[in-house]
Amino acid sequence: MASVPQVDKYPTKYDPYRPVDSSLHRQIALDDLREEPVIAEQALQQLREWITKNTAIHACRTDARFLLRFLRVRKFAHVASCETLERNLAMRQRFPEWFRHLDTSEPWVQEMIDSEFLLPLGRDDMGRSVILYRWANVDIERFTVAHQIRFMQMILECLLEDERDQIAGTVTISDYSNVSMKTIAQWSLTDIKNYIDCVNKSFPVRVREVHVANVPMFASTIGEWIMSCCSEKLRSRLKCYGSVEAFVSTTNLKALLPKEYGGEQDVSELKRELRQMLDQHREVLLALDDMNIDEKRCGSIWNQNQCTDLESGAIGSFRKLNVD
């Protein structure tokens, strides 16, 4: 089991910065993030001092592994790192149904793993974690949007506990083959907008590539709207394919794909590894709930009225369709 970090913002002793063990990821950190030991140690010290002086933050992890995810995603820019950390804390309280009590031992989590909706595939040649989403595998009669987001967040939190994933980032593959209109319509526009805001501003993850395959025509309008909500940087990393075959024929990730995609991996082994990862990090994920930020500050960070008009208009009517 992974050790559980404390959330005391005034610890008696801080753990020091240590470069990641992987030589590949040390080089990526230096080349992409300008991460050098002296710079990283100074940045950690500044961020820890900011946490102690920020009266709105009542409890927060201050271990290097946690704080470095925010420094790395903002390339060690102090102000931007502080803003992302504060928004991350506010996000957890603003959307507790998505980000709190991430208990990997709950029965529904095992069902979600068995559904093969989301499978981490391992790392590519560039050291990036590759994640496969298969949206047609979501049983919407069993799993709500909150279930889906919670499951995604469990996996993301586990990955971010590994500094290699903080440094090299992630590659996502979304397969929409055979997805139903009900599955798409299950997500309200408010859900979509709020979740994308979290991805854009609060998730300390480096999204390197997003591959989307076989989006049905009935989802094209809402797909365009989703992209309009994404940051310019995220949009620039998106690649769309008319079919899964088109993606497979051009990707250099083929070896990582499950055998049914023409790859080399056994899905049963991928599910076993996923279960093991979630089990090992259960206590770490539950302990994230111990972090706390002042409710007034949380409200000022997150404009609770930002989605008031999202359900109106032509796109809003999409969700109101009578879907068989």
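**Exercise 1.** Which residue in β4 is the bridge partner of R134?

*Solution.* We're working with a predicted model here. Start with the strands: β3 covers residues 129-134, and β4 covers residues 170-175. These two strands pair in the parallel sense, over 6 bridges. Now look up R134: its bridge partner in β4 is D175.

**Exercise 2.** Work out how β2 and β3 run relative to each other, and what links them.

*Solution.* First, find β2 at residues 118-123. Next, check the pairing: 5 bridges join β2 to β3, and the two strands run antiparallel.

**Exercise 3.** Is strand β3 largely enclosed or left open, and why?

*Solution.* Take one side of β3, where S129, I131 and Y133 point. Then take the other way, where V130, L132 and R134 point. Every one of these residues is buried. That's 6 of the 6 residues of β3, so the rest of the structure largely encloses the strand.

**Exercise 4.** Are F76 and E116 buried or exposed?

*Solution.* Here's the cut-off you need: buried means under 20% relative accessible area. F76, in the loop between α3 and α4, has 12% relative accessibility, so F76 counts as buried. E116, in the loop between α6 and β2, has a relative accessible area of 18%, so E116 is buried too.

Now for the backbone. Most residues other than glycine have a negative phi. F76, though not a glycine, has a positive phi of about 65°. E116 isn't a glycine either, and its phi is positive at about 65°.

How values were computed. Residues numbered from 1 in each chain as written. Predicted model: local features only at pLDDT ≥ 70, side-chain atom pairs only at ≥ 80, totals over all residues. Heavy atoms only, no water. Buried < 20%, exposed > 50% of the residue type's maximum accessible area, 1.4 Å probe, protein only. Helix = DSSP H or I, 4+ residues; strand = E, 2+ residues; numbered from the N terminus. Pairing = 2+ DSSP bridges.
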